[in-house]
There are 2 protein chains.
Amino acid sequence: MKRYITSDALIAMDKQERVHLINSLGGFKSVSLVGTSDKNGNTNLGIFSSFFHIGAQPPLLGMIFRPSPPERDTLRNILDTGFYTVNHINEAIYKQAHQTSARYDATISEFDETGLNKEFKNNFFAPFVSESNIQLGVAFKEKIDIAINNTILLIGEIIQIYIPENSLSNDGFVDLELANTITCSGLDSYHKTSKLDRLSYAKPNKELTSIQ
Amino acid sequence: MKRYITSDALIAMDKQERVHLINSLGGFKSVSLVGTSDKNGNTNLGIFSSFFHIGAQPPLLGMIFRPSPPERDTLRNILDTGFYTVNHINEAIYKQAHQTSARYDATISEFDETGLNKEFKNNFFAPFVSESNIQLGVAFKEKIDIAINNTILLIGEIIQIYIPENSLSNDGFVDLELANTITCSGLDSYHKTSKLDRLSYAKPNKELTSIQ
């Protein structure tokens, strides 16, 4: 049996209940740790679940920032320095990853507080998360203000990629399960995945087949 | 052992290989069927994996459109009529859902071709997918052109929600696994999930606990 929730019911709902509900309805999400440094080299780490693919050529990744306190350090560092890392989360570190969402004082690094290790390599300005199996070095490209609710769309170009050798298929597909990448739903729920299938390119009147 | 892929290596890569790679790197994605009707009532159904949460008050959902042929019907119908449905995909229908990405002639409805059933209710203009357990009725709000690669960000407000009664928690969180919602990665890989944990709101110097 389905529950039908109208706009009016949504407006009448308790604020936190509505936040949980609407955050859940978008479906499973990409969740990663964003590593940054300020101009003085002080590092920052934050968990985000608003990543989305914008294009492959150039390789562009989008993310949404709310105008609220917990995310300010990350956004300011990106705008000040131009660089950030996106580090996939796996089963071994999701609790530490979630803990980065606590409102630490700006002088405190979430790396120190959570015990996650920072890794600097190949002259990339921002810190990677050493425990992360898939790591992306991203250069800031564009900031678009979304006037309707004062959020910000940030677009970055992926300029460095680190992935486990065995997770990369011949056709370019990355097996995220082999890399232990997890997903999240709502504000606080973390999930492992198990593959159902990879399906062939769809064409009219042609049976789909599995890609091995 | 990690593979390091530079910007130069990405540029030199075969186009399809790069498309698979970059589409994979964003992590697991929300994947849903978007139902629309044109002004004459002809229905259209397309699969998309670029949804993201923009805000809860008002309840806003974002999605990205590429300027390429397969998605034109959906985008045109949304801009012409102002309404669309977002229907979560479950294990029973993911092959039919994938098949909607075939380039059918504009006169053909993907509902007819895939055998998925349309459902009209509560005076909502666009068709829902009957087999979908979580269904959203969405009103078009704003179109933002992303100049950097000619893609389009479409923002809609969720105005009707249909969810299985048993998947809705007291605090508003929706258990997507109970609703059989699946996730996808890359262009063509579909995955079930299994919950690791729901974690409490993070605070400095406070141990995280599980939310039951």
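Predicted model: local features only at pLDDT ≥ 70, side-chain atom pairs only at ≥ 80, totals over all residues.
Residues are numbered from 1 along each chain as its sequence is written, and chains are lettered from A, with ligands numbered from 1, in the order in which they are written. Local features need pLDDT of at least 70, side-chain atom pairs count only at pLDDT 80 or more, and totals for chains, interfaces and linings use all residues, while side-chain values use heavy atoms, with hydrogens and water left out.

A cavity is a set of points on a 1 Å grid over the protein atoms alone where a 1.4 Å probe fits but cannot get out, and its lining residues have an atom within 4 Å of a point. Grid points are joined across faces, edges and corners, and the volume is the space filled by probe spheres set on the points. By this rule there is 1 cavity of 30 Å³ or more. The largest cavity has a volume of about 110 Å³ and is lined by 17 residues. Those nearest its centre are Ser30(A), Phe51(A), Phe52(A), Ser30(B) and Phe51(B). The elements that give two or more residues to this lining are β2 (29-30) and β5 (51-56) of chain A together with β2 (29-30) and β5 (51-56) of chain B. Here and below, helices (H or I, at least four residues) and strands (E, at least two) are DSSP runs numbered from the N terminus. By class, the lining has 6 nonpolar, 9 polar and 2 charged residues; Ala, Val, Leu, Ile, Met, Phe, Trp, Tyr, Cys and Pro count as nonpolar, Asp, Glu, Lys and Arg as charged, and the others, Gly among them, as polar.

Helix α2 of chain B spans residues 15-25 and is mostly covered, with 8 of its 11 residues buried. Buried means under 20% relative accessible area, exposed over 50%, and partly exposed in between (1.4 Å probe, protein chains only). The buried residues run from Arg18(B), Val19(B), His20(B) and Leu21(B) to Ile22(B), Asn23(B), Ser24(B) and Leu25(B). At the start of α2(B), a side-chain oxygen of Asp14(B) comes within 3.2 Å of the backbone nitrogen of Gln16(B). After α2(B) comes Gly27(B), with a positive phi near 95 degrees.

Most residues other than glycine have a negative phi, and most peptide bonds are trans. Pro58(B) is in the loop between β5 and β6 (59-65) of chain B. Asn122(B), in the loop between β8 (118-119) and β9 (128-129) of chain B, has a positive phi near 45 degrees and is partly exposed, with a relative accessible area of 40%.

The loop between β10 (135-146) and β11 (151-164) of chain A holds Asn150(A), which has a positive phi of about 60 degrees although it is not a glycine. Asn150(A) is exposed, with a relative accessible area of 55%. Asn149(A) is found in the loop between β10 and β11 of chain A but is buried, at 16%. The side chain of Asn149(A) makes a polar contact with the side chain of Thr151(A) at 2.7 Å. A polar contact is a pair of N or O atoms within 3.5 Å; within protein, one must be able to donate a hydrogen and the other to accept it, and residues adjacent in sequence count only if both atoms are side-chain atoms. The side chain of Asn149(A) also reaches the backbone oxygen of Ile54(B) at 3.1 Å. Leaving aside neighbours within four places in sequence, Asn149(A) is in contact (heavy atoms within 4.5 Å) with Ile54(B), Gly55(B) and Leu60(B).

Terms used. 1 Å grid on protein atoms, 1.4 Å probe; cavity = no way out; pocket = protein on both sides within 12 Å on 5 of 7 lines; lining within 4 Å.
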